[in-house]
Amino acid sequence: MNSKERVKAVMELKTPDRVPLLCQFSIGHMLRQLDESPVLFWFDVDTYVKGLLKLREIYNFDGILISLHGHSDKWKDEINGFDTYDDFDLIEWKNGDSTKFLHNDLPVHTFKEERIFPEISTFDINTIPKVLDYIPVSQDLYFPIDLKDKFKSINKIIEKCGKDYSIHGEITSPFDYYLDLFGHQDSLLNLLFEPDKVKEILQHFTVLVKNLAVEMCHTGIDAIKLSSPFAGAGFISPDSYREFVLPYEKQIAEAIRNNGVHIYTHTCGSINDRLELMFEAGISGIECLDPPPLGDVELDDAFERIPSTGFIKGNIDSIASLLSGTREEVINDAKNRLQIGMKYKNFILSTACSIAPDVKRENIQALYEAVTKYGNY
């Protein structure tokens with residue numbers, strides 16, 4: 001099997017020749033390993049694509065996750081000033097905003113004027129765009145989507161290595177768009193006091209995300225990651241999850257699966273109390289199953305509860321193991337997780353969440369040594 005066939009087998013709940021290896025990166029780790037300009041890595045599609053291809057080669061991963069898509073060639077037209085410092089690059093935008101592009105982390109955006117979140121009781125849903133033209137990457141940080149060329153990075157990578165490696169795109173949960181629109185504190189209060197209005201807004205975003213996802217399916221992508229980091233127990237209860245997350249992510253999952261593409265959900269932190277609920281959306285698989293103390297999922301328990309419902313991608317601790325451990329400790333940790341996952345044959349070895357910026361290259365490379373030595377069926 002080549003890498004593409006290996007990952008496909010697992011996503012289809014068939015037995016591969018060995019356990020696939022496919023982790024997701026933090027922006028900080030990618031920048032540390034590539035020694036690229038953070039500004040170019042963020043905005044320039046060729047720099048971004050070249051970096052993803054190089055990282056896959058460095059770590060021998062069986063696929064590539066493309067988190068950013070829709071790069072625009074016109075971003076330089078919006079710049080008023082650009083300065084380089086020891087630890088970051090700073091862009092001053094013509095609209096008065098500024099963005100600090102850190103050399104080891106996500107960019108930090110600052111608005112010219114303090115952002116004021118709308119009141120949901122008086123909010124006009126018709127003011128929400130009819131087409132998604134941005135990705136809410138982080139707090140106040142947006143990646144604009146060029147509507148004339150939405151999938152430039154995906155198309156370039158599929159063209160270069162799509163026959164040999166599993167290529168995954170990424171979309172964002174409607175719940176994230178909703179949280180971003182109203183601010184996290186008010187958004188959570190709105191679930192209690194304005195549930196009907198919240199659902200109306202969530203359904204609007206669901207249609208937009210679903211439309212984007214279906215378009216992405218037509219690129220020839222192998223799978224789509226649904227990023228839903230704020231749907232864990234640290235933010236909402238299982239009842240709220242069932243009411244405000246599940247119905248909307250289910251619509252998206254069904255649309256993607258109907259187009260012959262696999263979808264897996266990424267939710268951070270504690271998800272032990274909603275593990276089965278997440279699969280009710282009709283997804284193909286799940287990540288990242290953070291182990292204690294970052295989360296509350298034990299891998300063997302998760303497999304026993306969902307042995308053939310879908311695949312599991314995880315769950316090496318990026319902090320306690322990869323960041324703090326020795327190379328030998330990383331291999332031993334991976335070996336233990338492989339022994340569990342290989343009992344069920346629907347396992348992709350991965351970090352639980354993103355590879356932290358300061359993780360040593362040799363510790364990630366040790367995962368390939370472990371999977372080729374201990375992960376053969």
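How many salt bridges does the count come to? By the rule used here, a side-chain nitrogen of Lys or Arg within 4 Å of a carboxyl oxygen of Asp or Glu, the count comes to 23 salt bridges.

## About the model

This is a predicted model, in which local features need pLDDT of at least 70 and side-chain atom pairs count only at pLDDT 80 or more, while totals for chains, interfaces and linings use all residues. Residues are numbered from 1 along each chain as its sequence is written, and side-chain values use heavy atoms, with hydrogens and water left out.

## Salt bridges across the chain

Let's start with Glu-280 and Arg-242, which form a salt bridge whose closest N and O atoms are 3.3 Å apart. Glu-280 lies in the loop between helix H11 (275-279) and strand S11 (285-287), and Arg-242 sits in helix H9 (residues 238-244), so this pair ties together parts that are 38 residues apart in sequence. Helices (H or I, at least four residues) and strands (E, at least two) are DSSP runs, numbered from the N terminus. Glu-280 is partly exposed because its relative accessibility is 40%, and Arg-242 is also partly exposed, at 42%. Here, buried means under 20% relative accessible area, exposed means over 50%, and partly exposed is in between (1.4 Å probe, protein chains only).

The side chains of Arg-305 and Glu-276 meet at 2.8 Å, N to O. This pair links distant parts of the chain, with Arg-305 in helix H12 (residues 299-305) and Glu-276 in helix H11, 29 residues apart. Arg-305 counts as partly exposed at 25% relative accessibility, and Glu-276 is partly exposed with 36%. Then there are Arg-327 and Glu-369, whose side chains meet in a salt bridge of 2.3 Å, N to O. Arg-327 is in helix H14 (residues 327-341) and Glu-369 in helix H15 (residues 361-374), 42 residues apart. Both are partly exposed: Arg-327 at 33% and Glu-369 at 32%. Elsewhere, salt bridges that share partners join Arg-6, Asp-17, Arg-18 and Asp-62 into one network.

## The seven-stranded sheet

Seven strands form an open sheet with parallel pairing, in the order S1-S8-S9-S10-S11-S12-S13. Two strands pair if DSSP finds at least two bridges between them. At the edges stand strand S1 (63-65) and strand S13 (347-351); each has a single partner strand, so one side of each is left without a neighbour in the sheet. On average, neighbouring strands here are turned by 25 degrees against each other, direction ignored; axes are lines fitted to C-alpha atoms, for helices over the stretch in contact, and angles run from 0 to 180 degrees between N-to-C directions.

Within this sheet, strand S8 (residues 166-172) and strand S9 (residues 223-227) pair in the parallel sense over five bridges, with Glu-170 opposite Lys-225 in S9. Five bridges also join strand S12 (residues 311-316) to S13 in parallel, and the bridge partner of Ile-312 in S13 is Phe-347. Is S13 enclosed by the rest of the structure, or open? Five of its five residues are buried, so S13 is largely enclosed. Both faces of S13 are covered: Phe-347, Leu-349 and Thr-351 are buried on one side, and Ile-348 and Ser-350 on the other.

## The four-stranded sheet

Another open sheet has four strands, paired antiparallel in the order S2-S3-S4-S5. Strand S2 (79-84) and strand S5 (108-110) stand at its edges, each with a single partner strand, so one side of each has no neighbour in the sheet. The twist averages 15 degrees from one strand to the next. S2 is joined to strand S3 (residues 88-93) by five bridges, running antiparallel, and Ile-79 stands opposite Trp-93 in S3.

## Cysteines and a surface patch

The structure holds zero disulfides, a disulfide being a pair of cysteine sulfur atoms within 2.5 Å. For Cys-23, the nearest cysteine sulfur is that of Cys-353, 11 Å away. Cys-23 counts as buried at 3% relative accessibility. For Cys-161, the nearest cysteine sulfur is that of Cys-23, 16 Å away, and Cys-161 is buried at 9%.

On the surface, Leu-189, Leu-192 and Phe-193 form a nonpolar patch with about 360 Å² of accessible area together. Patches are made of residues with over 30% relative accessible area and no salt bridge, with like charges joined within 9 Å and nonpolar side chains (Val, Leu, Ile, Met, Phe, Trp, Tyr) within 5 Å; accessible areas come from the Shrake-Rupley method with a 1.4 Å probe, and for residues only the protein chains shown count as cover. Phe-193 belongs to helix H7 (residues 184-193) and counts as exposed at 64% relative accessibility.
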